[in-house]
Structures are given as C-alpha cells and as structure tokens.
Amino acid sequence: MQKRFGPALKYAFRQSLPVMFGYIFLGVAFGILLQQAGFGALWALLISGFVYAGSLQFVLVGFLAQGAALPTVALMSLFINSRHLFYGLSFIDKFKAMGRRKPYMVFSLTDETYSVLCGMQPPAGVNEQDAMFLVALLDQLYWVAGSLLGALAGNLPLDFTGIDFSMTALFLVIFLEQWRGSKSHLPALVGLASGVVFLLWLGPDAFLLPALAVAVAVLLLAKPVVLRREAQNQKAKEGAQ
C-alpha cells in the first residue's frame, strides 16, 4: 500500500499546498460564523464533510440561522454551484476511468481542486489517478480541519468582528482569478451587470436568485455567438501565421 501510494501522496501534497493555506483559513472563518450562529463543531464536521461547497457554506449559515425554506436552499445551491456542471465536463472521461472513485471525484470537484488537477503533470513513477484522488481528498481534509478549528475557536472570548468579510473576499478572489484566466470576459461582465441591476432594483435581501437566473439565461443565449467569434478569431490567427 505504502509502496503504491507513497510517491502519489508526496506529489499530491506538494500540489495541494496552495489550497491548504487558503482552505484552512476560510474553513476557520466558516466554522466561526457557524458557531456564532448557534451551531457547534458537529454541524461544522457534517456540513464540510457532506456539503463541501465553499462559498455556498457561508450562505448556508444565514439560511440555517433564519430557518429558510428547503426549496430556497435547493435553488440557491443549484445556481451558486451550476458552474461545476460546465467545467466538470472536461474531466468526465478521466473520472469515468477511475472506477469506484468516480462519485467522490465528482462530489469533491471544487474550483481550487479543479485548478490543481488541470495543472498536474505527474512525473514517472506517480500514478495519475491516485494523485488526482489524493489531491481531492487532501483538499477536503484541509477544509474540514479548518471548519472544526473555527467552530472550536468560536467559543473563545475573542473579537471576531469582520470575519464574515471572508466570504466577500472569497468571491472577489474567484472573480479575479476567472477574469485573469478567461479568454472571454463576457461571463464576468454579465454576472456583474446582472448583480448590480437587481441589487439596485430589489435590494440586498432579494437580489441574488433573480440575478443568478438572469445571468445564466443570458450566457446560455450568448454561448453560440461567443463560440462563433472565438472560432473566427482562431482562424484569423492561423491565417496570419
């Protein structure tokens, strides 16, 4: 067992180090918010173990505290995590080849794990499927550990004023990383415009769901146009060469 997984574990740990620092800190922030909302370490363990949805978990704290209706929680979860349906397609063949580990790979595919998996080039002697699985597992363990630490720290007599800004910071980081890494800025601009319009129209308590719905609808309608323009630009580049 050690002979097989040893090289893959060492490689996966090195690859996941950037995620570790981010996930432990954000997990701590989530655990503290959950504790302050009246939910203890067991809740932190269960949510991070079975929901494991990053930004959605921060939103979930408010839902739990307010006793939100299940359909509202389900719709919000669908809209916030709908991006996984699109970028997860690039790994569908690799995940299928992983047999019994496929369900967990689908479940654990967060933004950060996806980024690590995309950049992986395992050296000789490291099984790629083992490395992928271990990266996903380590990333979730970092998040769970941070959540538990935060839930336990929430009982300490410390001033956690402003810790809820970590959710805003998480969204900003994801937005900036996607802006820098995307060839087209249309999704970011559509999402930003939709959010601003509905925020001004409906206010901070009711803008999110309609803003997300409209942004997804606009992007689905615009997808053929964007793909056509990208194909034209690619042909133009090839012609220039």
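**Starting from a serine**

S108 lies in the loop between helix 7 (102-107) and helix 8; helices here are DSSP runs of H or I with at least four residues, strands are runs of E with at least two, and both are numbered from the N terminus. This is a predicted model, in which local features need pLDDT of at least 70 and side-chain atom pairs count only at pLDDT 80 or more, while totals for chains, interfaces and linings use all residues. Residues are numbered from 1 along each chain as its sequence is written, and side-chain values use heavy atoms, with hydrogens and water left out.

Is S108 buried or exposed? S108 counts as buried because its relative accessibility is 0%, where buried means under 20% relative accessible area, exposed over 50%, and partly exposed in between (1.4 Å probe, protein chains only). The side chain of S108 reaches the backbone oxygen of Y104 at 2.8 Å. That is a polar contact, defined as a pair of N or O atoms within 3.5 Å; within protein, one must be able to donate a hydrogen and the other to accept it, and residues adjacent in sequence count only if both atoms are side-chain atoms. Not counting residues up to four places away in sequence, S108 also touches Y52, T113 and A136, a contact being heavy atoms within 4.5 Å.

The C-alpha atoms of M105 and A136 are 6.9 Å apart in space, although 31 residues separate the two in sequence. M105 counts as buried because its relative accessibility is 1%. Setting aside residues up to four places away in sequence, M105 touches F95, M98, L117, M132, F133 and A136.

Now look at M132 from its own side. Beyond its neighbours within four places in sequence, M132 is in contact with F91, K94, F95, M98, M105, L117 and M120. Several of these names return in the largest nonpolar core, where L34, F95, M105, L117, M120 and M132 touch the most other members among its 44 residues. Helices 1 (2-36), 2 (41-50), 3 (55-66), 4 (70-80), 8 (111-118) and 9 (128-153) each supply at least two residues of this core, and helix 1 gives the largest share, with 11 residues. A nonpolar core is a set of buried Ala, Val, Leu, Ile, Met, Phe, Trp, Tyr and Cys residues joined through side-chain atoms within 4.5 Å. In soluble globular proteins, nonpolar side chains tend to be buried together.

Charged pairs come next. How many salt bridges does a search of the whole structure find? The search finds 2, a salt bridge being a side-chain nitrogen of Lys or Arg within 4 Å of a carboxyl oxygen of Asp or Glu. In one, the side chains of K94 and E128 meet at 3.2 Å, N to O. This pair links distant parts of the chain, with K94 in helix 6 (residues 92-96) and E128 in helix 9, 34 residues apart. K94 is partly exposed because its relative accessibility is 38%, and E128 is partly exposed at 33%. R101 forms a salt bridge with D130, and the closest N and O atoms are 2.9 Å apart.

Turn now to the surface. F175, L176, W179, L189, L192, V196 and L200 form a nonpolar patch with about 660 Å² of accessible area together. Such patches are made of residues with over 30% relative accessible area and no salt bridge; like charges are joined within 9 Å, and nonpolar side chains (Val, Leu, Ile, Met, Phe, Trp, Tyr) within 5 Å. Helix 10 (165-181) and helix 11 (186-202) each supply at least two residues of the patch, and helix 11 gives the most, with 4.

Finally, zoom out. The protein has 12 helices and 0 strands, and buried residues make up 36% of its 241 residues. Among contacts between residues at least 6 apart in sequence, 74% join residues at least 24 apart.

Methods
Accessible areas come from the Shrake-Rupley method with a 1.4 Å probe; for residues, only the protein chains shown count as cover.
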